[in-house]
Amino acid sequence: MMYSALAVANAFLELAERDDKQLSNMQLQKLVYIAHGFNLALLGEPLFYNNVHAWEWGPVIPKLYKLLRKYGAGLVTDKLQLPEEEQPVDPASREMSIINNVWTAYGKFTGAKLSAMTHREGSPWSKVWQEKQYAVIPTEIIAENYQQLLNGKTENP
């Protein structure tokens with residue numbers, strides 16, 4: 001099932017709360033993006049239907065950014081309000097398993113570190129940013145990058 005980036009962000013906020021941690025706006029953006037990449041590589045389908053864009057600080061989901069910008073560089077203090085027609089991530093789903101694994105592997109990093117990781121040379125972000133700044137990062141490029149990451153052929157999340 002494909003979710004919204006907001007539902008995926010809420011799943012990460014719930015994991016952070018469970019572990020008595022808080023996430024910054026940037027951390028949340030990057031974790032949602034990384035989970036999307038692994039979902040593409042492992043399940044062959046997008047985790048969420050929102051577009052990812054190449055912005056100055058790396059990959060950004062504009063819809064998520066608009067809701068989080070009120071926090072600035074601070075910590076996100078509340079879960080996001082989902083529209084009625086949108087479903088939260090199913091706790092028993094394969095997608096939630098990927099979100100949990102991303103949380104375990106990447107949840108310990110700061111927003112700045114995650115940003116640096118996701119916009120290294122050769123990453124999907126850098127490929128798009130060099131061609132057209134602020135453009136959509138094609139899902140195919142993200143999927144290929146995360147397949148290479150899983151196969152040990154790149155270090156770019």
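Predicted model: local features only at pLDDT ≥ 70, side-chain atom pairs only at ≥ 80, totals over all residues.
I take buried to mean under 20% relative accessible area, exposed over 50%, and partly exposed in between, with a 1.4 Å probe and protein chains only. Residues are numbered from 1 along each chain as its sequence is written, and side-chain values use heavy atoms, with hydrogens and water left out.

**Entry 1: positive phi**

I looked up backbone angles, keeping in mind that most residues other than glycine have a negative phi. Tyr134 is not a glycine, yet has a positive phi of about 70°; I find Tyr134 in the loop between H6 and H7, and at 43% relative accessibility Tyr134 counts as partly exposed. Asp20, also not a glycine, has a positive phi of about 55° and sits in the loop between helix H1 (5–18) and H2, where Asp20 is exposed with a relative accessible area of 72%. Helices here are DSSP runs (H or I, at least four residues), numbered from the N terminus.

**Entry 2: helix H7**

I checked the length of H7 (residues 139–150): its 12 residues should span 16 Å at 1.5 Å a residue, and its end C-alpha atoms are 17 Å apart, which agrees; the expected span is 1.5 Å times one less than the number of residues. Which residues of H7 are buried? I list Ile142, Ala143, Asn145, Tyr146 and Leu149. Seen down the axis of H7, these buried residues fall within an arc of 165°, so they line one face of the helix; the arc is that of the directions from the helix axis to the C-beta atoms. Their cover includes helix H2 (25–43), helix H4 (94–106) and helix H6 (124–131).

**Entry 3: H2 against H4**

The axes of H2 and H4 come within 9 Å and cross at roughly 125°, which makes H2 oblique to H4; angles under 35 degrees count as roughly parallel, over 145 as roughly antiparallel, 65 to 115 as roughly perpendicular and the rest as oblique. Contact (heavy atoms within 4.5 Å) is made by residues including Leu31, Ile34 and Phe38 of H2 and Ile98, Val102 and Trp103 of H4.

**Entry 4: Thr118**

I placed Thr118 in helix H5 (residues 111–118), and at 0% relative accessibility Thr118 counts as buried. Not counting residues up to four places away in sequence, Thr118 touches Lys30, Tyr33, Ile34, Pro59, Ser123, Trp125 and Pro157.

Conventions:
Helix = DSSP H or I, 4+ residues; strand = E, 2+ residues; numbered from the N terminus. Axes fitted to C-alpha atoms, helices over the stretch in contact; angles between N-to-C directions.
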